[in-house]
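This briefing walks through one protein chain, from its overall build down to a few single residues. Please keep the sequence and the structure in view while you read.

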Amino acid sequence: MKHIAVIGGGISGLTAAWQLTQLDQSCTLFEASARVGGIVETERRDGFVIECGPDSWVAEKPWARELAIELGLEDEIIASNDFQRRTWLLRDGQLLPMPDGMRMMVPTRLDALEGSPLFSQEAIRAYAAEPSRAEGLRASALPEGQDESVASFVRRHFGDEVTRTIAAPLLAGVFGGDVEQLSVRSVMAPFVKMEQEHGSLIAALNARPPKPGHGGTSIFGSLRSGLGTLAEKMSEALPTASVHFETPVQALAREGGQWRVSTTQGSGLFDAVLLATPANATRALLARLDAAAAALLPVEASSAIVVALAYDRAAARHMRVPEGFGYLVPPPQAGQGPSAESLLACTFVDQKFPHRAPDGCVLLRAFFGGDAAERLLHAPESELITRAEAQLAVALGPLPAPAFSLVRRWPLSLPQYATGHLDRMRELEARVAQLPGLTLLGNAYHGVGLPDLIRQARSAARALVAPEA
Ligand SMILES: Cc1cc2nc3c(=O)[nH]c(=O)nc-3n(C[C@H](O)[C@H](O)[C@H](O)COP(=O)(O)OP(=O)(O)OC[C@H]3O[C@@H](n4cnc5c(N)ncnc54)[C@H](O)[C@@H]3O)c2cc1C
């Protein structure tokens with residue numbers, strides 16, 4: 001039997017370790033912290049289910065749901081309350097609704113834009129004109145093998161206002177990133193394909209059959225008891241002795257065709273290593289093996305701070321939270337708009353999903369991201385809560401005292417897929433292929449969402465056990 005080391009017990013490494021165990025292949029999991037799950041973490045308190053990191057998977061991608069079913073959690077799967085799916089944008093202290101039928105920044109219904117307070121007449125005209133520009137847009141579509149920023153792509157289709165008002169906060173919400181830097185091929189691949197095929201993105205969306213959440217089933221899935229249950233279930237299935245908590249891996253070295261894994265507790269030899277640490281840790285471990293490969297990893301990563309506020313029934317009666325999933329805050333523009341410590345978004349958790357709060361209670365989850373998270377990363381909890389409450393009050397009106405609150409900091413948790421990312425990943429994979437037995441997993445490569453990470457981890461584990469399959 002092979003000796004396999006899995007380094008990092010976030011959803012990527014944990015899923016790989018669980019999959020190996022399912023295939024009767026033992027492994028040793030090294031985790032730097034005292035728990036598995038990484039960014040996936042659920043707190044359960046007084047009937048509230050609070051996600052400290054991700055709150056859901058995208059239903060369009062089946063891999064997280066499949067895993068939940070295999071873990072015996074089918075009865076736990078819940079869907080987002082799409083009947084009240086509405087996203088708001090905060091502008092000048094006012095919440096403005098996103099028009100119905102938006103797929104990211106692309107409208108499926110032009111009539112829904114009429115009278116929207118979100119856009120100027122000029123932006124509405126830019127939207128209305130896009131389908132008639134299809135020929136020109138197809139002719140100017142991104143040539144195969146080339147990349148551009150999300151901002152440049154969206155500007156070509158809809159102009160600057162849509163880029164700033166919708167694309168920037170949406171992408172910042174998911175990737176913690178800056179639209180001027182993010183690679184459109186990496187983070188909006190389906191839209192790039194639509195442009196190649198149809199020119200117009202609006203025409204392309206209208207030509208597609210309905211997708212989940214667009215007349216079909218819900219757009220997000222999750223678990224009744226929280227996504228932490230995924231991690232807890234997988235962890236229970238691992239032999240206790242195979243998991244080494246509080247054991248950060250400090251070095252990796254080739255030794256006689258094997259891998260020496262050195263930790264704070266000692267070292268061991270392994271035939272294969274699944275390296276599932278965050279980008280910065282992976283870069284440090286890889287640098288000693290192949291400095292050029294390490295240099296290909298995303299250089300920047302953004303941090304996130306989650307502030308959850310739970311309100312009991314009595315307090316909730318004094319709140320006026322509008323119907324919807326939550327709101328986004330467009331990033332500040334130089335010299336105007338919200339302060340640099342502005343929240344990125346807030347989720348109205350009890351409305352987005354069932355079973356997240358006791359009946360009649362309210363659960364809000366506010367996020368700081370980007371520069372704001374960087375600046376506030378070391379601020380005391382009380383300051384983060386006060387800042388979040390003050391900003392939420394601008395959008396939602398005066399807030400009563402929460403029954404309790406919770407803060408989680410996720411430093412450098414979302415690597416930035418900057419333009420050219422896919423080319424760099426191809427080069428990285430070619431270089432890593434020269435290091436037999438080493439596989440890289442995690443959110444620095446081909447997707448930050450749980451479904452993609454789960455799929456990649458499971459297939460990497462299967463490939464190790466049956467390489468010819
Ligand atoms: C606030 C927030 C909200 C999100 N929301 C969603 C969402 O709703 N849906 C979605 O699909 N995705 C979401 N994401 C993205 C998703 O949660 C992450 O991309 C994913 O959880 C990353 O998993 P991972 O296993 O690759 O990394 P991590 O979770 O970062 O795990 C890496 C693990 O490696 C360990 N480690 C680090 N260094 C070492 C070392 N030297 N030796 C051993 N172990 C080490 C760490 O302690 C950690 O446990 C969100 C991300 C954030 C930050």
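What percentage of the 469 residues in the protein chain do buried residues make up? The answer is 53%, and it should be read with the caution that this is a predicted model.

**The chain as a whole**

- The protein chain contains 18 helices and 22 strands, and because its radius of gyration of 23 Å is close to the 23 Å that the globule rule gives for 469 residues, it is as compact as a globular protein of that length.
- Taken along the principal axes, the box that the C-alpha atoms of the protein chain fill is roughly 70 × 60 × 45 Å.
- If we consider the contacts between residues at least 6 apart in sequence, 72% of them join residues that are at least 24 apart.
- The protein chain exposes about 19,900 Å², and carbon and sulfur atoms supply 52% of that area.
- As for charge, there are 43 positive and 52 negative side chains in the protein chain, and the centres of these two sets lie 1 Å apart.

**Helix 11 and what covers it**

- Helix 11 spans residues 279–287, and within this helix Ala279, Thr282, Leu285 and Leu286 are buried.
- These residues are on the same side of helix 11, because they cover an arc of only 130° around the axis.

- Gly226 sits in the loop between strand 11 (220–223) and helix 10 (228–236), and its relative accessible area is 0%, so it counts as buried, the cut-off being under 20%.
- Once residues within four places in sequence are left aside, Gly226 is in contact with Thr42, Arg44, Val49, Glu51 and Arg356.
- Gly226 and Pro54 are 172 residues apart in sequence, while their C-alpha atoms are 9.5 Å apart in space.
- Ser342 belongs to the loop between strand 18 (326–328) and strand 19 (345–348), and with a relative accessibility of 10% it also counts as buried.
- Leaving aside neighbours within four places in sequence, the contacts of Ser342 are Val329, Phe368, Ala372 and Gln391, and its C-alpha atom is 9.5 Å from that of Pro330, a residue twelve places away in sequence.
- Val243 is part of strand 12 (residues 243–244), and this residue is buried, with a relative accessible area of 15%.
- Not counting residues up to four places away in sequence, Val243 touches Leu29 and Leu238, whereas the C-alpha atoms of Val243 and Thr386, which are 143 residues apart along the chain, are separated by 38 Å.

**Two residues with a positive phi**

- Asp24 is not a glycine, although it has a positive phi of about 60°, and its place is in the loop between helix 1 (11–22) and strand 2 (28–30).
- Is Asp24 buried or exposed? Its relative accessibility is 63%, and because the cut-off for exposed is over 50%, Asp24 counts as exposed.
- Leu412, which is likewise a residue other than glycine, has a positive phi near 45°, and this residue lies in strand 21.
- At 35% relative accessibility, Leu412 counts as partly exposed.

**Ser186 and its contacts**

- Ser186 is found in helix 7, which covers residues 184–187.
- Which residues does Ser186 touch, not counting those up to four places away in sequence? They are Tyr417, His421 and Leu422.
- Ser186 and Asp147 are 39 residues apart in sequence, and from C-alpha to C-alpha they are 8.8 Å apart in space.

Key. Residues are numbered from 1 along each chain as its sequence is written. This is a predicted model: local features need pLDDT of at least 70, side-chain atom pairs count only at pLDDT 80 or more; totals for chains, interfaces and linings use all residues. Side-chain values use heavy atoms; hydrogens and water are left out. Helices (H or I, at least four residues) and strands (E, at least two) are DSSP runs, numbered from the N terminus. The radius of gyration is taken over C-alpha atoms; the globule rule is 2.2 Å times the number of residues to the power 0.38. Buried means under 20% relative accessible area, exposed over 50%, partly exposed in between (1.4 Å probe, protein chains only). Contact means heavy atoms within 4.5 Å. Accessible areas come from the Shrake-Rupley method with a 1.4 Å probe; for residues, only the protein chains shown count as cover. Lys and Arg count as positive and Asp and Glu as negative; His and the chain ends are not counted. The place of a charge is taken as NZ of Lys, CZ of Arg, CG of Asp or CD of Glu. The arc is that of the directions from the helix axis to the C-beta atoms.
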